[in-house]
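Work through the exercises below with the sequence and the 3D view open. Try each task before you read its solution.

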Amino acid sequence: MRDTLCIIPARSGSKGIKDKNILKLNNKELFLHSINFAKKLKFVKDIVFSSDSKKYTNISKKLLNKTNKLRPKNISRDETDMMDVIRYEINNYSGATKEIKKILILQPTCPFRNLKVFNRANNL
């Protein structure tokens, strides 16, 4: 059953490594690996790419064929709580929220994932 909303948060203002979310790994921007992975998960109903950067959202269009509303700067800071980002994206989600039972966060900075592990976790 496709009942999961996948949120991929990728803000632009990284302090440690400048623009880390668009650094290339195997000739693809880092966050594109998360989008590709989410598309392989059969339980994911929809993917929301959450960013404060027009540049990032333009790149994400390659795979998502849509653009989400830019995340406000006040919830795109280094110290922003992920729950604030999740609440914001759920409140601005244009899909059918009654069909969403679960939220999956895929951080772009963790591109190495195993489909079997995610599918098993979803079945639990």
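**Exercise 1. Decide how far α1 is enclosed by the rest of the structure.**

Step 1. Count the buried residues, where buried means under 20% relative accessible area, exposed over 50%, and partly exposed in between (1.4 Å probe, protein chains only). Helices (H or I, at least four residues) and strands (E, at least two) are DSSP runs, numbered from the N terminus.

Step 2. Nine of the 11 residues of α1 are buried, so this helix is largely enclosed by the rest of the structure. The buried ones are Leu30, Phe31, Leu32, His33, Ser34, Ile35, Asn36, Phe37 and Ala38.

Step 3. Look for the cover. It includes β1, β2, β3, β4, α2 and α4 (115-123).

Two notes before going on. The model is predicted, so local features need pLDDT of at least 70 and side-chain atom pairs pLDDT 80 or more, while totals for chains, interfaces and linings use all residues. Residues are numbered from 1 along each chain as its sequence is written, and side-chain values use heavy atoms, with hydrogens and water left out.

**Exercise 2. Work out the order of the open sheet and find its edges.**

Step 1. Recall how strands join. Strands of a sheet pair through backbone hydrogen bonds, either parallel or antiparallel. Here two strands count as paired if DSSP finds at least two bridges between them.

Step 2. Read the order. The three strands run β4-β1-β5, with parallel pairing.

Step 3. Find the edges. β4 and β5 (102-105) each have a single partner strand, so one side of each is left without a neighbour in the sheet. From one strand to the next, the twist averages 25°.

Step 4. Check one pairing. Six bridges join β1 (residues 4-9) to β4. In one of these strands, β4, Asp46 is the bridge partner of Leu5.

Step 5. α1 lies across β1 and β4, at about 165° to β4. Axes are lines fitted to C-alpha atoms, for helices over the stretch in contact, and angles run from 0 to 180 degrees between N-to-C directions.

**Exercise 3. Find the residues that touch the most other members of the largest nonpolar core.**

Step 1. Define the core. It is a set of buried Ala, Val, Leu, Ile, Met, Phe, Trp, Tyr and Cys residues joined through side-chain atoms within 4.5 Å.

Step 2. Pick out the residues. The largest core has 19 residues, and Cys6, Phe31 and Phe49 touch the most other members.

Step 3. Trace the sources. β1, α1, β4 and α2 each supply at least two residues of this core. The largest share, five residues, comes from α1.

Step 4. Another core of six residues lies apart, and among them are Leu5, Val48, Ile86 and Tyr93.

Step 5. Return to Phe49. Not counting residues up to four places away in sequence, its contacts (heavy atoms within 4.5 Å) include Ile8, Phe31, Tyr56 and Leu64.

**Exercise 4. Is Phe43 buried or exposed, and what does it contact?**

Step 1. Phe43 lies in the loop between α1 (30-40) and β4 (44-50).

Step 2. Apply the cut-off. At 8% relative accessibility, Phe43 counts as buried.

Step 3. List contacts beyond four places in sequence. Among them are Met1, Asp3, Leu104 and Phe118.

Step 4. Follow one contact. Asp3 is in the segment before β1. Asp3 is buried too, with a relative accessible area of 7%. Leaving aside neighbours within four places in sequence, Asp3 touches Phe43, Lys45, Glu99, Ile100, Lys101 and Lys102.
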